[in-house]
Amino acid sequence: GGVFRGKGLDVLFEALSKLGFPARLDIIGDGSWMSEARSSCEKLGIADRVSFLGRKDHSELAVYYQNALCVIMPSRTPETFGLVGVEAMSHATAVIASDIGGIREWLVPEQTGLLVPPNDPTALRHALTRLLERPKLARTMGDAGRSRYLERFLPQHHIEKLISVFTEVMHSG
């Protein structure tokens, strides 16, 4: 289960199985890891709380982001940047992510979300519990994430920065 373990879904399922809250988990996306993920949920007795929604169109995702308390990225292996997290920020959704790879490029710990060590179900469970116990904190983090997104990640900003870089390069040439 390379992908399944790489994505850290096993860590997330273990955290969920020991959570003192009746939280529900929606998993979006699919691949060869799906059957392993399903059987893992069965084994841990959380199958009734986990929905496998398959792939969703980009246009459909907004609803899921807006209804979620938080988005969880429990990866074990560095994802180059973690686009899902930036997208969550754009929808004012708090993020819990493994402190790995380029995550700190966009997640400000304790401000726009929570960082947990990779491969640590207990830390992930504590982070989840914190947001479940304090939905207001999750909303505050989501709002902070959205402000940060608007300041730093709007495509407009990227384009303007690129244009100024190109201009400088052309002039210096």
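These notebook entries record what I looked up in a predicted model of a single chain.

**Entry 1. Confidence**

I began with the predictor's confidence. The chain has a mean pLDDT of 90, and 91% of its residues reach 70 or more. I then looked at the individual elements. Helix α8, residues 155-172, has the lowest mean pLDDT among the elements of the chain, at 69. Strand β5, residues 113-116, has the highest, at 98.

**Entry 2. Overall layout**

Along the sequence I read the pattern α-α-β-α-β-α-β-α-β-β-α-α-α. The C-alpha trace spans about 65 × 35 × 30 Å along its principal axes. Of the 173 residues in the chain, 42% are buried. I also looked up contacts with a sequence separation of 6 or more: residues 24 or more positions apart account for 64% of them.

**Entry 3. Helix α2**

Which residues of α2 are buried? I find L9, D10, V11, L12, F13, A15 and L16. Because 7 of the 9 residues of α2 are buried, I note this helix as largely enclosed by the rest of the structure. One of the buried residues, D10, is taken up again in the next entry.

**Entry 4. D10 and its partners**

D10 forms one of them with R76, and the closest N and O atoms are 3.0 Å apart. This pair links distant parts of the chain, 66 residues apart: D10 belongs to helix α2 (residues 9-17), whereas R76 is in the loop between β3 (70-73) and α5. Are the two partners buried or exposed? I find that D10 is buried and that R76 is buried as well.

**Entry 5. Two further salt bridges, and a network**

I turned to R104 and D99, whose side chains meet in a salt bridge with an N to O distance of 2.7 Å. D99 is partly exposed, at a relative accessible area of 33%.

The side chains of R130 and E110 also meet in a salt bridge, at 2.8 Å from N to O. R130 lies in helix α6 (residues 121-133) and E110 in the loop between β4 (94-98) and β5, so this pair ties together parts that are 20 residues apart in sequence. For R130 I noted a relative accessible area of 29%, which means that the residue is partly exposed. I also checked for shared partners: salt bridges of this kind join R5, D10 and R76 into one network.

**Entry 6. The crossing of α4 and α5**

I examined the packing of helix α4 (residues 58-67) with helix α5 (residues 83-90). Their axes come within 10 Å and cross at roughly 65°. The crossing is right-handed. Which residues make the contact? On the α4 side I list H58, L61 and Y65, and on the α5 side V84, E87 and A88. By class, the contact has 4 nonpolar, 1 polar and 1 charged residues.

**Entry 7. S90 in α5**

I stayed with helix α5 to look up S90, which is placed in that helix. S90 has a relative accessibility of 15% and therefore counts as buried, since buried means under 20%. What does S90 touch, leaving aside its neighbours within four places in sequence? I find contacts with R146 and Y149.

**Entry 8. Positive phi values**

Most residues other than glycine have a negative phi.

A92 has a positive phi near 60° and is not a glycine. The residue lies in the loop between α5 and β4. With a relative accessibility of 26%, A92 counts as partly exposed.

N119 is likewise not a glycine, and its phi is positive, at about 70°. I located N119 in the loop between β5 and α6. Its relative accessibility is 46%, so N119 counts as partly exposed.

How values were computed. Residues are numbered from 1 along each chain as its sequence is written. This is a predicted model: local features need pLDDT of at least 70, side-chain atom pairs count only at pLDDT 80 or more; totals for chains, interfaces and linings use all residues. Side-chain values use heavy atoms; hydrogens and water are left out. Axes are lines fitted to C-alpha atoms, for helices over the stretch in contact, and angles run from 0 to 180 degrees between N-to-C directions. Helices (H or I, at least four residues) and strands (E, at least two) are DSSP runs, numbered from the N terminus. A crossing is left-handed if the near helix is turned anticlockwise from the far one by less than a right angle, and right-handed if clockwise. Contact means heavy atoms within 4.5 Å. Ala, Val, Leu, Ile, Met, Phe, Trp, Tyr, Cys and Pro count as nonpolar, Asp, Glu, Lys and Arg as charged, and the others, Gly among them, as polar. pLDDT is the predictor's confidence in each residue, from 0 to 100. A salt bridge is a side-chain nitrogen of Lys or Arg within 4 Å of a carboxyl oxygen of Asp or Glu. Buried means under 20% relative accessible area, exposed over 50%, partly exposed in between (1.4 Å probe, protein chains only).
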